[in-house]
Amino acid sequence: MNDFVVVANRLPVDRVGDSWQASPGGLVAALAPVLRARSGCWVGWPGETDTHLEPFHADGIDLVPVALDAQDYTDFYEGFSNSTLWPLYHDLIVAPQYNEQWWDRYVAVNERFAAAVSAVAAEGATVWVQDYQLQLVPGLLKRERPDLRIGFFLHIPFPSPDLFRQLPWREPILRSLSACDLIGFQRAADESNFRGLLELIDATAVRTGTFPISIDASIVAPGDPAPVRELVGNPTLLMLGVDRMDYTKGILQRLLAFEQFLERGGEATLIQLATPSRERIDHYRRTRREVEEAVGRINGRFGRIGRPVIHYVHHGVPKDQLGAYYAAADMMLVTPFKDGMNLVAKEYVACHPDGSGALVLSEFAGAAVELHQAYLCNPFDVSSIVRAMEDAAQPDPQRMRAMHDWVTTHDVAAWAASFLEAL
């Protein structure tokens, strides 16, 4: 039995051949060091449907798999989690779909996760539930295991009360979250949005707090920039984008802004790394198609044989290689329409301890609250992104140094310690 349990949609490992390796991604990077330090266990789905695994140990962590079948993946993950909650919580960038069958499956899968946690949690254990896929787990656990101390952290934004009220199943979700001993949010605005809904369920004594997540700066090391810069022709100005291929990330608008930057006489090369994401969902496929059409058009206009102005890849880049890209980039473009935090922005800052580089950052990313010395822009206004690019082309090193100091002192260990201390 375990005195400390993290439960998330995914286990922090992926199967590679016959072994398991640490997964990429912000949530894993943030929580794995905390779990190792506390000798707890992680409950989650192993990433393969119709696979039943016994608990195992990998990457220094005790892991408890929860099985999902193909229909679970379609209705719970692609459906309710990512076609209902994700667009709703990101301010209706695309329209959410409200489907009763998806909701029923969301309930059933959350029950399965809650049962798995209950089976491995010791009497009086602390359970830390992660993110929007598992919002019913706290209420289910509290009903069956009132001895547990339960915290919940939402990694994505929480929408305004008017938007959340659209959700046909708003009350069960609110009641479940209100059963927590502590609910954590990325920004004060998210916490305020949640508290504005408590009147719906007659709950006022709910403990909430704002705990902006961060990175483990000690393992985000700047790599050698020379090979990257040589690979793309040693440009005068090298810009970089690193994103999941998601419609919330504003990649198309970023490309349009880059095109305008070139039209106005700017000289630059852009590397855009776009990791595949949720590719069976229509809006994600459309986003990829629009991005790739724009890349082709802009390269056709401004590129030369052997010298495209945009170097684009649609596959993951190993975490240990990203440091070289961060170090090579004169400018990082982080321009989401909406983002809970965006750890890529913090990783880039961590790789520029000497004050070099410049960060162009959407004012709607959670990171903008802390990294306010960045060159902020409105991602819905292409001309605003262009102006930020032009300002960042002549950067003030003091801005980057201030952000670097913040990121290295307010790291993931400080984030976890602050939440768990409050819990």
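**Exercise 1.** In which kind of crossing, left-handed or right-handed, does H12 pass H15?

*Solution.* First, a note on the source: this is a predicted model, where local features need pLDDT of at least 70, side-chain atom pairs count only at pLDDT 80 or more, and totals for chains, interfaces and linings use all residues. Residues are numbered from 1 along each chain as its sequence is written, and side-chain values use heavy atoms, leaving out hydrogens and water.

Step 1: find the helices, which are DSSP runs of H or I with at least four residues, numbered from the N terminus. H12 spans residues 343–350 and H15 residues 397–409.

Step 2: get the geometry. Their axes (lines fitted to C-alpha atoms over the stretch in contact) sit 9 Å apart, at an angle of about 110 degrees. That makes H12 roughly perpendicular to H15 (65 to 115 degrees).

Step 3: the crossing is left-handed (the near helix is turned anticlockwise from the far one by less than a right angle).

**Exercise 2.** List the residues that make the contact of H12 with H15.

*Solution.* Contact means heavy atoms within 4.5 Å. H12 brings Lys346, Tyr348, Val349 and Ala350, while H15 brings Met400, Met403, His404 and Val407.

**Exercise 3.** Find the residues with the most contacts inside the largest nonpolar core.

*Solution.* Such a core joins buried Ala, Val, Leu, Ile, Met, Phe, Trp, Tyr and Cys through side-chain atoms within 4.5 Å, buried being under 20% relative accessible area with a 1.4 Å probe, protein chains only. The largest one has 62 residues, and Trp128, Leu359 and Leu361 have the most contacts inside it. H12 gives this core its largest share, six residues. Beyond four places in sequence, Leu359 touches residues including Tyr348, Val349, Met400 and Met403.

Definitions and conventions
Axes are lines fitted to C-alpha atoms, for helices over the stretch in contact, and angles run from 0 to 180 degrees between N-to-C directions. Helices (H or I, at least four residues) and strands (E, at least two) are DSSP runs, numbered from the N terminus. Angles under 35 degrees count as roughly parallel, over 145 as roughly antiparallel, 65 to 115 as roughly perpendicular and the rest as oblique. Buried means under 20% relative accessible area, exposed over 50%, partly exposed in between (1.4 Å probe, protein chains only).
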